[in-house]
Amino acid sequence: MANLSQWIEGARPRTLPAAVAPVLVGTGAAAYLDGFVWWKALLALGVALALQIGVNYANDYSDGIRGTDEVRVGPLRLVGSKVATPRAVKTAAFTCFGVGAALGIVLCATSTWWLLVAGAASLVGAWFYTGGKSPYGYRALGEVSVFLFFGLVAVLGTTYVQAERLHWTAVAGAVAIGAIACALLVANNLRDIPTDSTTGKRTLAVVIGAARSRQLYAGLIALAFILAALSALATPWTLLALIALPLAVKSVRVVVSDAVGPALIPVLKGTGLTELVYAVGLTAGLFLGS
(Lines give C-alpha, C1' and ligand atoms only; values in the text may rest on other atoms or scores of the structure.)
Protein backbone atom coordinates (compact mmCIF):
# COMPACT_ATOMS: atom_id res chain seq x y z
CA MET A 1 0.00 0.00 0.00
CA ALA A 2 1.31 3.44 -0.91
CA ASN A 3 2.58 5.61 1.94
CA LEU A 4 1.68 9.27 2.43
CA SER A 5 4.68 10.62 0.52
CA GLN A 6 3.83 8.39 -2.44
CA TRP A 7 0.21 9.57 -2.43
CA ILE A 8 1.46 13.16 -2.40
CA GLU A 9 3.82 12.44 -5.30
CA GLY A 10 1.00 10.66 -7.11
CA ALA A 11 -1.08 13.83 -6.78
CA ARG A 12 1.63 15.47 -8.93
CA PRO A 13 2.13 18.68 -6.92
CA ARG A 14 4.15 20.22 -9.76
CA THR A 15 0.93 20.50 -11.75
CA LEU A 16 -0.90 22.47 -9.03
CA PRO A 17 0.17 25.89 -10.38
CA ALA A 18 -2.21 25.07 -13.26
CA ALA A 19 -5.02 25.14 -10.68
CA VAL A 20 -3.83 28.14 -8.67
CA ALA A 21 -2.93 30.42 -11.59
CA PRO A 22 -6.38 30.75 -13.20
CA VAL A 23 -8.02 31.52 -9.84
CA LEU A 24 -5.44 34.24 -9.18
CA VAL A 25 -5.98 35.85 -12.58
CA GLY A 26 -9.75 35.53 -12.37
CA THR A 27 -9.66 37.17 -8.95
CA GLY A 28 -7.43 39.95 -10.29
CA ALA A 29 -9.91 40.57 -13.09
CA ALA A 30 -12.74 40.71 -10.53
CA ALA A 31 -10.74 43.25 -8.50
CA TYR A 32 -10.23 45.33 -11.65
CA LEU A 33 -14.03 45.43 -11.88
CA ASP A 34 -14.26 46.36 -8.18
CA GLY A 35 -15.87 42.99 -7.47
CA PHE A 36 -13.25 41.18 -5.38
CA VAL A 37 -14.82 38.84 -2.78
CA TRP A 38 -12.11 37.06 -0.78
CA TRP A 39 -14.14 34.09 0.45
CA LYS A 40 -15.48 33.34 -3.02
CA ALA A 41 -11.91 33.44 -4.31
CA LEU A 42 -10.92 30.88 -1.66
CA LEU A 43 -13.86 28.64 -2.59
CA ALA A 44 -12.87 28.86 -6.26
CA LEU A 45 -9.32 27.92 -5.32
CA GLY A 46 -10.62 24.90 -3.42
CA VAL A 47 -12.62 23.79 -6.45
CA ALA A 48 -9.64 24.18 -8.77
CA LEU A 49 -7.22 22.29 -6.51
CA ALA A 50 -9.67 19.47 -5.87
CA LEU A 51 -10.33 19.01 -9.58
CA GLN A 52 -6.63 19.18 -10.49
CA ILE A 53 -5.65 16.55 -7.92
CA GLY A 54 -8.68 14.49 -8.88
CA VAL A 55 -7.80 14.49 -12.57
CA ASN A 56 -4.20 13.55 -11.72
CA TYR A 57 -5.39 10.51 -9.77
CA ALA A 58 -7.94 9.70 -12.49
CA ASN A 59 -5.20 9.77 -15.14
CA ASP A 60 -3.01 7.60 -12.92
CA TYR A 61 -5.83 5.06 -12.61
CA SER A 62 -6.90 5.04 -16.27
CA ASP A 63 -3.39 4.98 -17.74
CA GLY A 64 -2.34 2.39 -15.16
CA ILE A 65 -5.03 -0.14 -15.96
CA ARG A 66 -4.30 0.28 -19.67
CA GLY A 67 -0.60 -0.40 -19.13
CA THR A 68 0.57 2.90 -20.61
CA ASP A 69 2.46 3.79 -17.42
CA GLU A 70 4.54 0.64 -17.07
CA VAL A 71 7.61 2.35 -18.55
CA ARG A 72 7.80 6.00 -17.51
CA VAL A 73 10.41 8.72 -17.48
CA GLY A 74 8.47 11.15 -15.31
CA PRO A 75 7.09 11.22 -11.77
CA LEU A 76 5.77 8.22 -9.85
CA ARG A 77 2.50 6.72 -11.02
CA LEU A 78 0.72 4.80 -8.27
CA VAL A 79 -1.05 2.16 -10.36
CA GLY A 80 1.65 1.77 -12.99
CA SER A 81 4.34 1.19 -10.35
CA LYS A 82 1.96 -1.09 -8.39
CA VAL A 83 2.40 0.77 -5.09
CA ALA A 84 -1.38 1.31 -4.85
CA THR A 85 -4.35 -0.67 -6.14
CA PRO A 86 -6.40 0.69 -9.03
CA ARG A 87 -9.48 0.73 -6.79
CA ALA A 88 -7.75 2.87 -4.17
CA VAL A 89 -6.55 5.40 -6.76
CA LYS A 90 -9.98 5.54 -8.41
CA THR A 91 -11.55 6.16 -5.00
CA ALA A 92 -9.08 8.97 -4.34
CA ALA A 93 -9.96 10.55 -7.69
CA PHE A 94 -13.70 10.50 -7.08
CA THR A 95 -13.24 11.75 -3.52
CA CYS A 96 -11.45 14.81 -4.90
CA PHE A 97 -14.14 15.27 -7.53
CA GLY A 98 -16.74 15.12 -4.78
CA VAL A 99 -14.98 17.80 -2.75
CA GLY A 100 -14.70 20.01 -5.82
CA ALA A 101 -18.39 19.50 -6.66
CA ALA A 102 -19.49 20.37 -3.12
CA LEU A 103 -17.48 23.59 -3.08
CA GLY A 104 -18.72 24.43 -6.56
CA ILE A 105 -22.34 24.06 -5.49
CA VAL A 106 -21.74 26.55 -2.67
CA LEU A 107 -20.32 29.02 -5.20
CA CYS A 108 -23.28 28.53 -7.52
CA ALA A 109 -25.71 29.06 -4.65
CA THR A 110 -24.11 32.40 -3.89
CA SER A 111 -23.90 33.62 -7.50
CA THR A 112 -25.83 31.88 -10.28
CA TRP A 113 -27.01 28.31 -10.77
CA TRP A 114 -26.20 28.19 -14.50
CA LEU A 115 -22.56 27.77 -13.51
CA LEU A 116 -23.51 24.22 -12.51
CA VAL A 117 -23.40 23.40 -16.22
CA ALA A 118 -19.76 24.51 -16.44
CA GLY A 119 -18.98 22.61 -13.26
CA ALA A 120 -20.60 19.42 -14.51
CA ALA A 121 -18.74 19.72 -17.83
CA SER A 122 -15.47 20.13 -15.91
CA LEU A 123 -16.11 16.93 -13.95
CA VAL A 124 -17.02 14.97 -17.07
CA GLY A 125 -13.98 16.35 -18.88
CA ALA A 126 -11.71 15.45 -15.97
CA TRP A 127 -12.76 11.82 -15.94
CA PHE A 128 -13.00 11.13 -19.67
CA TYR A 129 -9.61 12.71 -20.42
CA THR A 130 -8.08 9.27 -19.97
CA GLY A 131 -11.09 7.35 -18.59
CA GLY A 132 -13.88 5.47 -20.29
CA LYS A 133 -13.78 3.33 -23.43
CA SER A 134 -12.76 6.15 -25.76
CA PRO A 135 -10.75 8.78 -23.80
CA TYR A 136 -10.32 12.03 -25.69
CA GLY A 137 -6.81 12.45 -24.25
CA TYR A 138 -5.84 9.52 -26.47
CA ARG A 139 -7.22 11.32 -29.53
CA ALA A 140 -5.05 14.46 -29.49
CA LEU A 141 -7.68 16.57 -27.70
CA GLY A 142 -5.91 17.02 -24.37
CA GLU A 143 -4.66 20.52 -25.13
CA VAL A 144 -8.14 21.64 -26.18
CA SER A 145 -9.53 20.42 -22.86
CA VAL A 146 -6.79 22.08 -20.82
CA PHE A 147 -7.27 25.39 -22.62
CA LEU A 148 -11.03 25.25 -22.11
CA PHE A 149 -11.18 24.12 -18.47
CA PHE A 150 -7.93 25.44 -16.98
CA GLY A 151 -8.02 28.62 -19.02
CA LEU A 152 -11.41 29.93 -20.08
CA VAL A 153 -13.72 28.21 -17.58
CA ALA A 154 -11.46 28.59 -14.54
CA VAL A 155 -10.49 32.24 -15.07
CA LEU A 156 -13.83 33.54 -16.34
CA GLY A 157 -15.76 31.48 -13.81
CA THR A 158 -13.67 32.87 -10.95
CA THR A 159 -14.23 36.40 -12.20
CA TYR A 160 -17.95 35.96 -12.67
CA VAL A 161 -18.74 34.43 -9.26
CA GLN A 162 -17.13 37.47 -7.65
CA ALA A 163 -17.91 40.44 -9.92
CA GLU A 164 -21.01 38.93 -11.62
CA ARG A 165 -19.84 40.36 -14.93
CA LEU A 166 -16.87 40.03 -17.27
CA HIS A 167 -14.41 42.34 -19.00
CA TRP A 168 -12.01 41.90 -21.90
CA THR A 169 -9.07 41.85 -19.47
CA ALA A 170 -10.55 38.70 -17.94
CA VAL A 171 -10.82 37.12 -21.40
CA ALA A 172 -7.20 38.07 -22.23
CA GLY A 173 -6.05 36.62 -18.92
CA ALA A 174 -8.05 33.44 -19.51
CA VAL A 175 -6.52 32.91 -22.96
CA ALA A 176 -3.02 33.62 -21.62
CA ILE A 177 -3.31 31.23 -18.69
CA GLY A 178 -4.89 28.62 -20.93
CA ALA A 179 -1.97 28.96 -23.34
CA ILE A 180 0.65 28.38 -20.64
CA ALA A 181 -1.33 25.44 -19.24
CA CYS A 182 -1.42 23.98 -22.75
CA ALA A 183 2.32 24.50 -23.06
CA LEU A 184 2.80 22.49 -19.88
CA LEU A 185 0.86 19.57 -21.38
CA VAL A 186 2.71 19.89 -24.68
CA ALA A 187 6.05 19.59 -22.85
CA ASN A 188 4.78 16.59 -20.90
CA ASN A 189 3.54 14.82 -24.02
CA LEU A 190 6.69 15.73 -25.95
CA ARG A 191 8.70 13.91 -23.29
CA ASP A 192 6.41 10.88 -23.52
CA ILE A 193 6.32 10.51 -27.32
CA PRO A 194 8.43 7.30 -27.35
CA THR A 195 6.30 5.45 -24.76
CA ASP A 196 2.97 6.87 -25.92
CA SER A 197 3.69 5.85 -29.51
CA THR A 198 4.29 2.24 -28.55
CA THR A 199 1.23 1.99 -26.27
CA GLY A 200 -1.21 3.55 -28.72
CA LYS A 201 -1.76 6.78 -26.80
CA ARG A 202 -2.26 9.30 -29.62
CA THR A 203 -1.54 12.61 -27.92
CA LEU A 204 -1.20 15.77 -29.97
CA ALA A 205 2.58 15.43 -29.69
CA VAL A 206 2.43 11.93 -31.18
CA VAL A 207 0.20 13.14 -34.02
CA ILE A 208 2.13 16.27 -35.05
CA GLY A 209 5.61 15.03 -34.10
CA ALA A 210 8.41 16.35 -31.92
CA ALA A 211 9.50 19.24 -34.14
CA ARG A 212 6.06 20.82 -34.41
CA SER A 213 5.41 20.17 -30.71
CA ARG A 214 8.49 22.23 -29.88
CA GLN A 215 7.26 25.04 -32.12
CA LEU A 216 3.81 24.85 -30.54
CA TYR A 217 5.29 25.10 -27.06
CA ALA A 218 7.24 28.24 -27.96
CA GLY A 219 4.22 29.78 -29.68
CA LEU A 220 1.92 29.22 -26.70
CA ILE A 221 4.40 30.81 -24.32
CA ALA A 222 4.85 33.77 -26.66
CA LEU A 223 1.08 34.25 -26.92
CA ALA A 224 0.74 34.60 -23.15
CA PHE A 225 3.29 37.41 -22.96
CA ILE A 226 1.82 39.19 -25.99
CA LEU A 227 -1.55 39.21 -24.22
CA ALA A 228 0.03 40.64 -21.06
CA ALA A 229 1.41 43.48 -23.16
CA LEU A 230 -1.95 44.07 -24.83
CA SER A 231 -3.66 44.15 -21.44
CA ALA A 232 -1.54 47.20 -20.66
CA LEU A 233 -4.09 49.10 -22.76
CA ALA A 234 -6.41 48.72 -19.77
CA THR A 235 -3.74 49.34 -17.14
CA PRO A 236 0.05 49.41 -17.58
CA TRP A 237 0.36 47.50 -14.32
CA THR A 238 -0.38 44.27 -16.19
CA LEU A 239 3.18 44.44 -17.49
CA LEU A 240 4.14 43.03 -14.09
CA ALA A 241 3.38 39.65 -15.68
CA LEU A 242 6.64 40.06 -17.60
CA ILE A 243 8.54 39.15 -14.43
CA ALA A 244 7.96 35.57 -15.53
CA LEU A 245 9.69 36.12 -18.87
CA PRO A 246 13.20 34.95 -17.80
CA LEU A 247 11.71 31.69 -16.49
CA ALA A 248 9.80 31.20 -19.72
CA VAL A 249 12.82 31.89 -21.92
CA LYS A 250 14.86 29.31 -20.00
CA SER A 251 12.25 26.60 -20.59
CA VAL A 252 11.74 27.53 -24.23
CA ARG A 253 15.47 27.26 -24.85
CA VAL A 254 15.50 23.71 -23.49
CA VAL A 255 12.48 22.65 -25.54
CA VAL A 256 13.73 24.06 -28.85
CA SER A 257 17.19 22.60 -28.27
CA ASP A 258 15.89 19.12 -29.18
CA ALA A 259 16.05 17.90 -25.56
CA VAL A 260 14.38 14.53 -25.02
CA GLY A 261 13.36 12.22 -22.19
CA PRO A 262 14.67 13.14 -18.73
CA ALA A 263 16.12 16.40 -20.07
CA LEU A 264 12.55 17.67 -20.45
CA ILE A 265 11.55 16.99 -16.84
CA PRO A 266 12.91 20.37 -15.59
CA VAL A 267 10.80 22.05 -18.29
CA LEU A 268 7.64 20.80 -16.59
CA LYS A 269 8.70 22.41 -13.31
CA GLY A 270 9.88 25.53 -15.13
CA THR A 271 6.64 25.91 -17.09
CA GLY A 272 4.54 25.42 -13.97
CA LEU A 273 6.61 28.05 -12.19
CA THR A 274 6.31 30.35 -15.19
CA GLU A 275 2.52 30.06 -15.09
CA LEU A 276 2.39 30.77 -11.36
CA VAL A 277 4.76 33.77 -11.46
CA TYR A 278 2.98 35.12 -14.55
CA ALA A 279 -0.35 34.82 -12.74
CA VAL A 280 0.99 36.54 -9.62
CA GLY A 281 2.37 39.42 -11.69
CA LEU A 282 -0.79 39.81 -13.77
CA THR A 283 -3.02 39.58 -10.70
CA ALA A 284 -1.00 42.19 -8.85
CA GLY A 285 -1.21 44.44 -11.90
CA LEU A 286 -4.99 44.09 -12.13
CA PHE A 287 -5.38 44.84 -8.44
CA LEU A 288 -3.13 47.90 -8.72
CA GLY A 289 -4.98 49.07 -11.83
CA SER A 290 -8.42 48.75 -10.27
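Start by selecting A21, which sits in helix α2, the stretch covering residues 17-32. Keep in mind as you click around that this is a predicted model. Is A21 buried or exposed? It's buried, with a relative accessible area of 0%.

Now find out what A21 touches. Ignoring neighbours within four places in sequence, A21 is in contact with I177, E275 and A279. While you're there, pick T274 too: 253 residues separate A21 and T274 along the chain, yet their C-alpha atoms are 9.9 Å apart.

**Next stop: α7 and α12**

Select residues 168-191 for helix α7 and residues 265-288 for helix α12. At what angle do these two helices pack? The angle is about 175°, and their axes lie 9 Å apart. Anything over 145 degrees counts as roughly antiparallel, so α7 and α12 are roughly antiparallel to each other.

On the α7 side, pick residues including G173, A176, I177, I180 and L184. On the α12 side, the residues include L268, G272, E275, A279 and L282. You've already run into some of these names: I177, E275 and A279 are the contacts of A21. What classes of residue make up the contact of α7 with α12? There are 14 nonpolar, 5 polar and 2 charged residues.

**Then on to α10**

Select residues 210-231 to show helix α10.

Colour the buried residues of α10, namely S213, R214, Y217, L220, I221, A224, F225, L227, A228 and S231. Where do they sit around the axis? They cover an arc of only 160°, which puts them on the same side of α10.

**Last stop: R214**

Stay in α10 and zoom in on R214. This arginine is buried, with a relative accessible area of 7%. Which residues does R214 contact, once neighbours within four places in sequence are left out? Select L190, V255, V256, D258, A259 and V260 to see them.

Note on methods: Residues are numbered from 1 along each chain as its sequence is written. This is a predicted model: local features need pLDDT of at least 70, side-chain atom pairs count only at pLDDT 80 or more; totals for chains, interfaces and linings use all residues. Side-chain values use heavy atoms; hydrogens and water are left out. Axes are lines fitted to C-alpha atoms, for helices over the stretch in contact, and angles run from 0 to 180 degrees between N-to-C directions. Helices (H or I, at least four residues) and strands (E, at least two) are DSSP runs, numbered from the N terminus. Angles under 35 degrees count as roughly parallel, over 145 as roughly antiparallel, 65 to 115 as roughly perpendicular and the rest as oblique. Contact means heavy atoms within 4.5 Å. Ala, Val, Leu, Ile, Met, Phe, Trp, Tyr, Cys and Pro count as nonpolar, Asp, Glu, Lys and Arg as charged, and the others, Gly among them, as polar. Buried means under 20% relative accessible area, exposed over 50%, partly exposed in between (1.4 Å probe, protein chains only). The arc is that of the directions from the helix axis to the C-beta atoms.
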